[in-house]
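I opened my notebook to go through this structure piece by piece.

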Amino acid sequence: MAGPVTAGRPRGPRGASGSRRPRPAEATAQPSARRPPASARDVALAALERADGGAYANLALPPLLRRSTLNPSERAAATDLVYGSLRMRGALDFALAPLSRQPLDRLEPLVLRGLRLGAYELLFGGTATHAAVAETVGAVARAGHRGQAGYVNAVLRRLAAAPPAWPDPERDPVGWATTRGSHPAWIVEEALARLGPRELVALVEADNTRPEVSLRATPGRTTRDELLAELAEAGLAARPSPLSPDCVTLERGDPGALAAVREGRAVVQDAASALIAPAVGASPGDLVADLAAGPGGKAGHLAALGARVLAVERNRRRARLVADTASRLGVADRLHTVVADGRHPPLRPGQADAALVDAPCTNLGSLRRRPEARWRHGPDDVAGLVELQLALVEAAADAVRPGGTVLYSVCTWTTAETEEVVAELLGRRDDLRLDETRQLWPHRDGADGMFLARLFKVR
């Protein structure tokens, strides 16, 4: 087996004295950037590298797939490898840690990515042991060198011979949720306090379920029934959403290949998110300020419903996505994008008829679709997010005229970011009245865990 593998420059096998042995020139693979990925595992390793750098998998993976020569089944395999490795990272690390001679956090990034990828195939992917080990080791060798691949080979073979024993979810729901359930301890503690042990297990299972694709019909362009008929004519199985009257659930198929999506008559949007724009309650012609608009799904929905939308987004790339959405949906005359900080929107006080704040949050409600989100935030991040959420919703309240509405939404369920934000806001301002709140849950509603609160600005 290869010697210790630590963070930093790639290291090859070491001799008995600990000194580095010369590495033959043919043992060094060409850098992956100089050639197209050769297999689903090559693509998966490249996507996981980007995810480790902060990218979201749903943005990092598609360009790699487009540049590859993979066939449809291989593309599906690469997608499962990426999302599965990110989703089950906690379980994979639990299984790998006792088998690695070095602590996992000291391994070279490529080695750790390779170990997680192979462990996912062994434990959750249903791949035959020989193929899971050999193909993963080959991908690591192509991306790095033989010393790295040798270490991955040794650890994965140990895992294949001695898979982990998971805690029992009935007897130890917290232990199960933080190991086999692959959720960080702080999220588990938060969910346990809100839901109790039985629903904790149900929530974790829902978070770890591969999500189906939800499509929303674009108002004024098509209806849900027309969309269902179009999908049926194309031979694609779909069913109406029980949560949103505008959504359908696509049981299979690539949504990007659908004419309805390409032409803007439908968009990919979770059924819980599709409830937000109608909940604003804006009438056709009303001016609605969307103060955290990127990437534009809800702003586009508002404009399609007839509102005039000022989409405020401080990130230029996300602002471009909003503008692209407006063009694709055919609502560019009603949806105008400005690059600005939503805490200081370019609006006079009381100028807007309504405002939407779909605020940045911990994203715990979208772990089915954004599996890496569970590893992006910790409990120490919540206070800063709450401060931003309150600043945005206060700016929204200032921008809205008396008699107008403010809708606050977040795709999470922590008490601090939902109920406590609303309570703090009402305590600060006597010009707002709470109309309704709603918390959706993945395991109860089959959709993202979205929270929304609608408030009226009193005269």
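**Entry 1: a helix pair**

I listed the contacts between two helices first. On the α5 side I found Leu110, Gly114, Gly118, Glu121 and Leu122, and they meet Thr129, Ala132, Val133, Thr136, Val140 and Ala143 in α6. I sorted this contact of α5 with α6 by class: six nonpolar, four polar and one charged residues. I also noted that the model I am reading is predicted.

Next I looked up the geometry. Two packed helices are described by the angle between their axes and the distance between the axes. For α5 (residues 109-125) and α6 (residues 129-143), the angle is about 160° and the axes are 9 Å apart. That makes α5 roughly antiparallel to α6, because angles over 145 degrees count that way. The crossing of α5 and α6 is right-handed.

**Entry 2: Thr136**

Thr136 sits in helix α6. Is Thr136 buried or exposed? Its relative accessibility is 0%, so Thr136 counts as buried. I then asked what Thr136 is in contact with, leaving aside neighbours within four places in sequence. The list is Arg41, Gly114, Gly118, Glu121, Ala131, Val152 and Leu156. Gly114, Gly118 and Glu121 are among the α5 residues I had written down in the first entry.

**Entry 3: another helix pair**

I moved on to α1 (residues 40-52) and α2 (residues 57-67). Their axes come within 9 Å and cross at roughly 150°. That makes α1 roughly antiparallel to α2. The crossing of α1 past α2 is right-handed. Which residues make the contact of α1 and α2? From α1 I noted Val43, Ala46, Ala47 and Arg50; from α2 I noted Ala60, Leu61, Leu64, Leu65 and Arg67. By class, the contact of α1 with α2 has seven nonpolar, no polar and two charged residues.

**Entry 4: the four-stranded sheet**

I turned to the sheets. Four strands form an open sheet, and I wrote down the order β2-β3-β1-β4. The pairing in this sheet is antiparallel. At the edges stand β2 (238-240) and β4 (266-268). Each has a single partner strand, so one side of each is left without a neighbour in the sheet. Neighbouring strands here are turned by 30° against each other on average, direction ignored.

I checked one pairing in detail. Strand β1 (residues 213-217) is joined to β4 by three bridges, and the two run antiparallel. Ala217 has Ala266 in β4 as its bridge partner. Helix α11 (residues 224-233) lies across β1, β2, β3 (247-250) and β4, and runs at about 20° to β3.

**Entry 5: the seven-stranded sheet**

How many strands form the open sheet with mixed pairing? I counted seven, in the order β7-β6-β5-β8-β9-β11-β10. Its edge strands are β7 (335-339) and β10 (432-439), and each pairs on one side only. Neighbouring strands of this sheet are turned by 15° against each other on average, direction ignored.

Strand β5 pairs with β6 (residues 308-313) in the parallel sense over four bridges. With β8 (residues 352-358), β5 pairs in the parallel sense over three bridges. I followed Asp290 to both partners: its bridge partner in β6 is Ala311, and in β8 it stands opposite Leu356.

Helix α15 (residues 316-329) lies across β6 and β7, running at about 170° to β7. Helix α18 (residues 419-428) lies across β9 (400-410), β10 and β11 (451-457), running at about 15° to β11.

**Entry 6: Trp413**

I ended with Trp413. Where is Trp413 found? It is in the loop between β9 and α18. Trp413 counts as buried, because its relative accessibility is 0%. I noted that Trp413 and Gln439 are 26 residues apart in sequence and 7.3 Å apart in space, C-alpha to C-alpha. Not counting residues up to four places away in sequence, Trp413 touches Ile187, Glu190, Ala191, Arg194, Leu203, Leu364, Gly365, Thr418, Gln439, Trp441 and Gly449.

Technical notes:
Residues numbered from 1 in each chain as written. Predicted model: local features only at pLDDT ≥ 70, side-chain atom pairs only at ≥ 80, totals over all residues. Heavy atoms only, no water. Axes fitted to C-alpha atoms, helices over the stretch in contact; angles between N-to-C directions. Parallel < 35°, antiparallel > 145°, perpendicular 65-115°, else oblique. Left-handed = near helix turned anticlockwise from the far one by under 90°. Contact = heavy atoms within 4.5 Å. Nonpolar A, V, L, I, M, F, W, Y, C, P; charged D, E, K, R; others polar. Pairing = 2+ DSSP bridges. Buried < 20%, exposed > 50% of the residue type's maximum accessible area, 1.4 Å probe, protein only.
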